[in-house]
Amino acid sequence: MGEQLGGRRAHGLRHREVRGSQYRRDPDEDLDELCGSLERVGILNPPAITEDGVLITGNRRLAAMERLGWRVTPVWVVPDVSDKLSYVLAIRDEQTLQKALKPLEQAELYEELKALYAEDAQRRDAATRFGSPDRDARVAEARDGGADSAPPSGGGKARTQAARAVTGRDSRTMLEQINELRRIAADDTEDPYVRQEAAEALIELNTDGKVNGRYLAVKTTQNLAGIRRAADDPDAPDTVRTSARQELQTLAKLERPAEVAKESGLALARLTQLRESDARVERVGWKDADPLLREKHQVRKLVDLLRREHGWWDRFDPTDFGRHADPDQWELVETYIAGAMNFRNLALTAHETDVLTQGPTTTSANAR
């Protein structure tokens with residue numbers, strides 16, 4: 001059933017397309033309204049398929065036409081779509097996808113589609129450059145009036161295309177925020193409480209779909225953790241440590257979450273730039289500064305570590321740990337406590353001996 005659609009000829013389809021695996025579990029549900037529309041005005045937005053007959057969009061429209069007994073429909077044939085992209089597109093229908101997927105599932109599919117759209121765009125760009133074997137054929141085809149069939153006008157960047165494919169709207173900001181939270185939750189270099197907050201945010205937003213507020217809260221926690229590390233870092237120059245403490249004092253006066261998230265990110269960037277600038281300055285050697293500088297440096301590193309993890313016993317429920325920890329996790333806690341107690345006893349002995357033989361020192365004050 002070839003006919004003119006939007007100035008370009010569409011092919012006819014006799015329901016022989018490959019539908020693949022559909023994210024939408026119930027394409028035949030609630031089709032009465034769609035069937036009525038098709039009977040009144042016909043098919044205004046034809047389904048789209050690849051050149052190999054793989055269905056890209058229109059699963060519910062085909063189901064409605066089958067219910068009406070229609071055997072032929074016009075379709076858009078999408079040329080030059082990569083195999084993997086066509087497969088990913090074929091398993092979703094843009095009209096109903098968000099009904100079947102939760103936010104985390106949407107973000108996962110978005111991430112895959114974004115990469116595939118970018119890859120496909122690079123391939124198309126390479127094919128149209130001077131010297132490309134496909135270019136002359138494409139130019140000749142354009143002079144003859146274009147392809148026999150073409151998809152509806154669209155285009156745009158890979159992120160926008162992927163977002164619209166997943167949710168039917170330009171939701172790239174939301175989906176990017178979800179994937180950033182996923183990255184933070186899985187990043188072993190982040191502070192444990194930052195990862196925990198990100199993981200909890202993902203669980204909650206997957207239930208109610210509220211993303212932005214939780215994203216801002218986690219990013220603020222992440223930024224503040226980075227600033228505190230700079231303030232306590234024994235390896236950082238005094239200028240960096242002092243600036244970090246001043247940034248924390250300024251941020252403590254802010255109230256609006258969006259403002260705190262933005263300003264904490266800018267503060268962290270300033271500290272990073274300051275640290276890089278100071279790193280270019282020639283450092284004084286250990287022996288040229290203070291005979292005890294190496295020892296004091298080690299003390300500051302330990303204090304910095306303890307400061308970051310201090311209060312962990314209040315952040316976790318010991319009852320939950322006692323009930324659900326496996327043997328390896330139990331052993332980790334036991335050795336942690338035993339090792340800490342042994343360290344404390346040896347340090348206390350050295351401290352008491354030093355006080356008896358030399359009198360009080362200012363080492364601990366200097367280490368802070």
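In which helix is the place of Thr167? In this predicted model, Thr167 lies in helix α7, which covers residues 158–167. Thr167 counts as buried, because its relative accessibility is 4% and the cut-off for buried is under 20%. Two polar contacts of its side chain can be described. One is with the side chain of Ser171, at 2.7 Å. In the other, the Thr167 side chain reaches the backbone oxygen of Arg169 at 3.1 Å.

The aromatic residues were examined next. A pair of aromatic rings is described by the distance of the centres and the angle of the planes. The count of aromatic pairs comes to three. In the pair of Trp312 and Tyr336, the ring centres are 5.9 Å apart and the planes stand at 90°, so this pair is edge-to-face. The pair links distant parts of the chain, since Trp312 belongs to helix α15 (residues 312–315) and Tyr336 to helix α17 (residues 327–358), 24 residues apart. Trp312 is partly exposed, with a relative accessible area of 29%. Tyr336 is also partly exposed, at 46% relative accessibility.

An aromatic pair is also formed by Phe321 and Trp330; the pair is edge-to-face, with 5.3 Å from centre to centre and 65° between the planes. Phe321 has a relative accessibility of 30% and therefore counts as partly exposed. Trp330, at 36%, counts as partly exposed as well. Finally, Trp312 and Tyr336 form one aromatic cluster together with Trp313.

Technical notes
Residues are numbered from 1 along each chain as its sequence is written. This is a predicted model: local features need pLDDT of at least 70, side-chain atom pairs count only at pLDDT 80 or more; totals for chains, interfaces and linings use all residues. Side-chain values use heavy atoms; hydrogens and water are left out. Rings of Phe, Tyr and Trp (its six-membered ring) pair if their centres lie within 6.5 Å; planes under 30 degrees apart count as stacked, over 60 as edge-to-face and the rest as tilted. Helices (H or I, at least four residues) and strands (E, at least two) are DSSP runs, numbered from the N terminus. Buried means under 20% relative accessible area, exposed over 50%, partly exposed in between (1.4 Å probe, protein chains only). A polar contact is a pair of N or O atoms within 3.5 Å; within protein, one must be able to donate a hydrogen and the other to accept it, and residues adjacent in sequence count only if both atoms are side-chain atoms.
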